[in-house]
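Okay, thanks everyone for coming. I'd like to walk you through a few spots in this one, so let's get it up on the screen.

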Amino acid sequence: MSGRDLTRFTLHAAYRSGELTPRALVAKLLAEAAARGSDPTWIRRLTVDELEPYLAALDGESPETLPLYGLPFAIKDNIDLAGIPTTAGCPAFAYVPTRHAFVVEQLIAAGAIPLGKTNLDQFATGLVGERAPAEYGVPGNAFDPDYIPGGSSSGSAVAAAAGQVSFALGTDTAGSGRVPACFNNLFGLKPTVGLLSNRGVVPACRSIDTISLFALTADDAQAILDVAAVFDGDCAEARAHDFAIAGQRYGRPPAHFRFGVPPRDQWQTDAAYSRCMETAIGELRALGGEPVEIDCTPMLEAAQLLYGGPWVAERYHAVRSLIERSPDALHPVTRQVIEGGRAPSALDAFDAGYRLSEHKRAADRLLAEVDVMLAPTTVAHPSKAAVAAEPVAVNTRLGTWTNFMNLLDYSALAVPIAIGENGRPGGVTLFGPAFADLSLLSLARALEARLDLPLGATGRPRPALPALPPAGDGTLEIAVCGAHLDGLALNHQLVERGGRRTAVTETAPRYRLFALTADQPPRPALIEDAEAGQAIAVELWRLPMASIGSFLAGIPAPLGLGRVTLADDRSVTGFICAAGALDSQAEVIEISAFGGWRAWLASTTEQEIC
């Protein structure tokens with residue numbers, strides 16, 4: 001398939017040069033849609049007259065004034081667009097909203113143009129994309145129409161992959177924003193639950209739903225997230241989070257990081273998807289990653305609770321009045337799944353909640369051992385015939401690695417990895433704790449640059465990636481040179497704040513080290529002296545930004561935190577001593593000649609100093 005390059009980078013370049021205008025682009029897209037004729041990717045496309053107000057709002061604006069200026073986008077049809085019916089894939093359920101969903105409002109205000117509403121697995125229940133009613137039809141996969149597009153956000157994924165829009169909105173409760181991304185060579189961002197407002201979204205499981213984003217590049221996904229992630233005080237499930245205040249920034253990933261990998265016997269992947277995992281492991285190693293095997297049993301067991309536990313009652317709750325009034329209005333498989341929500345009792349809900357808490361505690365401990373987790377997005381790409389033969393069993397398998405993410409409050413990102421010999425794409429998922437969204441995107445961008453896959457199913461090459469500053473992951477790297485070193489007397493102050501040692505290294509050769517022995521334990525004083533200094537051994541520790549204040553408050557004068565230059569010329573935060581302060585200190589010993597605190601400790605016979 002061939003299609004347009006509708007990435008933000010390319011469109012904004014064309015708009016700036018005058019080669020293209022939003023009106024001209026929309027006219028071309030409408031003409032192409034008319035030429036295609038009936039297309040089950042879409043439930044409802046906007047007409048020329050319906051699009052005019054959105055285009056008129058862009059008059060006098062530009063990419064410099066609006067971050068998403070002139071980017072056409074698609075909306076999964078369980079998300080409200082004012083004046084256009086919301087069906088959730090069920091004609092009998094349809095209603096016409098009077099205002100946009102909150103996230104849609106933010107995107108339009110930033111210059112994006114809604115082209116219409118896309119098809120889905122009815123009531124966002126399914127990972128296959130095959131559960132729409134006959135009058136809407138079902139989309140084909142953007143690469144091979146004999147294979148499923150993935151669901152429930154099937155139409156959104158296909159529209160983005162085919163180059164019909166710049167990006168698309170889906171929803172994700174159990175994997176609906178990640179499985180279709182994987183099957184259509186897209187980035188599928190499942191943000192932290194609550195980061196994006198759910199106001200104006202037909203719920204599947206309201207307590208764990210999120211809007212998801214389909215994008216052709218990591219840069220586009222980040223730009224869309226930046227606009228959409230506005231706290232909505234009128235959404236009961238919304239959570240306020242400011243990435244900048246938390247020290248989190250999209251950019252170049254660290255040169256060294258640890259990534260978790262499930263044991264191979266837990267992957268459950270077919271040959272093609274096993275190769276995707278192997279490729280991803282190799283590429284992450286090449287980027288400076290150290291693989292760490294993580295037993296994902298708690299996560300996989302949590303996944304079984306989503307449909308095997310009382311959460312299916314939330315799906316029943318969302319459509320209770322319709323299913324009790326007109327059960328035949330539902331797709332047969334959707335009805336079968338949702339009617340299971342009649343059975344769980346309040347006792348079942350509490351029992352499952354307790355089990356989930358146990359799984360989360362165990363899973364969080366495992367996640368704390370690494371900077372990011374790598375997992376399959378799904379285990380295979382089934383054909384439409386395979387799903388028709390076993391609609392529930394195949395769907396269940398597809399959710400092996402997706403169903404636990406929202407239950408455990410993790411952020412996740414489906415990342416394209418390869419186009420297989422069969423011509424179909426495959427990928428993996430990066431995931432982490434809540435609000436790790438930008439860290440996942442930063443690492444995915446580095447993978448994107450190395451893999452250089454075409455854009456979606458368009459066959460178009462990716463635009464060149466501009467250089468970015470280092471990413472921020474919500475932690476601060478601190479160089480320690482004395483009693484805070486691993487295993488020494490004050491190291492507990494780092495560990496109890498969630499600190500983790502990342503490197504053992506040296507300063508640049510222009511520092512002097514002193515021991516202030518009047519205190520117990522003795523304290524180090526690191527002084528910069530370009531003429532008489534030398535390299536001093538240090539350790540680098542990463543601390544969560546939220547804990548820096550309490551750590552700094554416990555550092556007595558004349559010591560403090562400032563900038564220290566390392567042997568590789570990097571400038572990091574580290575322990576320093578106020579200029580001239582040593583003159584007023586009693587019992588000061590210069591220990592520079594030892595090259596570091598540990599060597600000095602090893603040389604002394606005064607055990608109380610240790």
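Let's start with Gln 122, which counts as buried because its relative accessibility is 0%; buried means under 20% relative accessible area, exposed over 50%, and partly exposed in between, with a 1.4 Å probe and protein chains only. Before I go on, the housekeeping: this is a predicted model, where local features need pLDDT of at least 70, side-chain atom pairs count only at pLDDT 80 or more, and totals for chains, interfaces and linings use all residues. Residues are numbered from 1 along each chain as its sequence is written, and side-chain values use heavy atoms, with hydrogens and water left out.

Back to Gln 122. Where does Gln 122 lie? In the loop between β3 (113-118) and α5 (154-161). The element names come from DSSP runs, helices being H or I with at least four residues and strands E with at least two, numbered from the N terminus. Leaving aside residues up to four places away in sequence, Gln 122 touches Ala 88, Gly 89, Cys 90, Arg 131, Pro 133, Ala 329, Leu 330, His 331 and Thr 334. Contact here means heavy atoms within 4.5 Å.

Now, strand β5, residues 187-190. Both of its faces are covered: Phe 187 and Leu 189 on one side, Gly 188 and Lys 190 on the other, all buried. Remember that in a regular strand the side chains alternate between the two faces of the sheet. β5 runs antiparallel to strand β6 (residues 210-215), joined by three bridges, and the partner of Phe 187 in β6 is Ala 215. β5 also pairs with strand β11 (residues 410-419), again antiparallel over three bridges, with Lys 190 opposite Ala 412. For pairing, DSSP has to find at least two bridges between the two strands.

On to helices. α10 (residues 297-308) and α14 (residues 346-367) pack at about 150 degrees, with axes 8 Å apart. So α10 is roughly antiparallel to α14. The cut-offs: under 35 degrees is roughly parallel, over 145 roughly antiparallel, 65 to 115 roughly perpendicular, and the rest oblique. Axes are lines fitted to C-alpha atoms, for helices over the stretch in contact, and angles run from 0 to 180 degrees between N-to-C directions. Which residues of α10 make the contact? Pro 298, Met 299, Glu 301, Ala 302 and Leu 305. From α14, the contact residues include Arg 355, Leu 356 and His 359. By class, that contact has nine nonpolar, one polar and two charged residues. Ala, Val, Leu, Ile, Met, Phe, Trp, Tyr, Cys and Pro count as nonpolar, Asp, Glu, Lys and Arg as charged, and the others, Gly among them, as polar.

Then there's α7 (residues 218-228) with α17 (residues 437-451): their axes come within 9 Å and cross at roughly 160 degrees. These two are therefore roughly antiparallel as well. Ala 218, Asp 219, Ala 221, Gln 222 and Leu 225 of α7 meet Asp 437, Leu 438, Leu 441, Arg 445 and Glu 448 of α17. That contact divides into five nonpolar, one polar and four charged residues.

Last, an open sheet of five strands: β15-β18-β14-β20-β19, with mixed pairing. β15 (500-506) and β19 (559-565) are the edges, each with a single partner, so one side of each has no neighbour in the sheet. The twist averages 35 degrees from one strand to the next. β19 pairs antiparallel with β20 (residues 571-577) over seven bridges, and Thr 565 has Ser 571 as its bridge partner.
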